[in-house]
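Thanks for coming. I will go through a few local features of one model, so please have the sequence and the structure open.

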Amino acid sequence: MASNSPILEKTNFEELRTKNFIFRLFGLHISHSKSPLLQNYLFGKSGLSWRYELYESSDIDAFKKVLQGDDCIGSAVTMPNKVVMTEHVDFVDNDAKAVGAINTIYTRKEKDTGKTLYIGTNTDTYGIRDSFLYNAPEVVEKSKKSDKPGLVYGGGGACRSAVYALNEFLGCSKVYVINRFALEVEAVREGMVKGGFKGEIVHVSTPEQAASLEKPNLIVCTVPDFAPLTDEEKTARETLEVFIGSQDKGAVLEMCYHPKPLTRLYNEFKAAKWQVIGGMEAMIYQGFAQQSLWTGYSLEEMPVKDVVDYVYKNANN
């Protein structure tokens, strides 16, 4: 993996669009993924004879052979491969460095040598950003004007992308993280700072601490839909409930949407009069960001509403 940004040739997307390519989602436990539904419909609407399919594996060497085939100019990456694949691309961009993981690979030609470079990025951050910008623009503007902190519930795989999006794109100079264990939050902080992250991350560990803090308008929930069982999980949920009960409401992105979109947290925030954005939105908008890298079409050139409606209509089929 190169440390310096390469100088790239301008990509001839018009020529690429005349060819046939296969894109794959590389990961495990992906049979429920809605990404093929989204990506293949969008390819078709764009008039492309391209295909997106699942590649259920964690075999890095086998996947690299597929990635380097003539019919491939990019890929999606999911767990458990998002971190390890940072070491198997030629360059990782700044967004992905700060997050410490990639979810997207795209190819470009190096200007001096003509060599095909495999570049890793993280469009999960854009999915979170655009979920707020397209669904709750007034809340984002209010949060920015008041210099409000952001909040992430959960310190797992999606936490870093959420922290980065809140800070880098949505104006939250300080981001609270509620999580069962302080060591996990410290690991998030250390990893992101090592990758170049400049924001402030604050572990919020008790309801009492939460009550003393300035309340956020933008919240991202990144945990599975389960009832808290352990003492640590119960304390974390009680801490979150302090923010749910805040008088200054805003918007929350509930990232969990499988196996059902109306999760416990979705319903709890909704009942408390927050604007709740379902996790399908983040999946859709990160997919648009991937398509832009692969096809060269900007978001403004894509049939966004048509695609969003199609995915929601067919997600349970």
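Asn167 counts as buried because its relative accessibility is 17%; buried means under 20% relative accessible area, exposed over 50%, and partly exposed in between, with a 1.4 Å probe and protein chains only. This is a predicted model, where local features need pLDDT of at least 70, side-chain atom pairs count only at pLDDT 80 or more, and totals for chains, interfaces and linings use all residues. Residues are numbered from 1 along each chain as its sequence is written, and side-chain values use heavy atoms, with hydrogens and water left out.

What does Asn167 touch, not counting residues up to four places away in sequence? Cys172, Ser173, Val175, Phe197 and Gly199, where contact means heavy atoms within 4.5 Å. Ile201 is 34 residues from Asn167 along the chain, with 9.6 Å between their C-alpha atoms.

Asn167 belongs to helix α7; helices are DSSP runs of H or I, at least four residues, numbered from the N terminus. In the contact of α7 with α5, Ser161, Ala162, Tyr164, Ala165 and Phe169 of α7 meet Asp124, Thr125, Tyr126, Ile128 and Arg129 of α5.

Now to α12. Helix α12, residues 279-295, has 17 residues and should span 24 Å at 1.5 Å a residue, and its end C-alpha atoms are 24 Å apart, so the two agree; the expected span is 1.5 Å times one less than the number of residues. After α12 comes Gly296, with a positive phi near 85°.

How values were computed:
Helix = DSSP H or I, 4+ residues; strand = E, 2+ residues; numbered from the N terminus.
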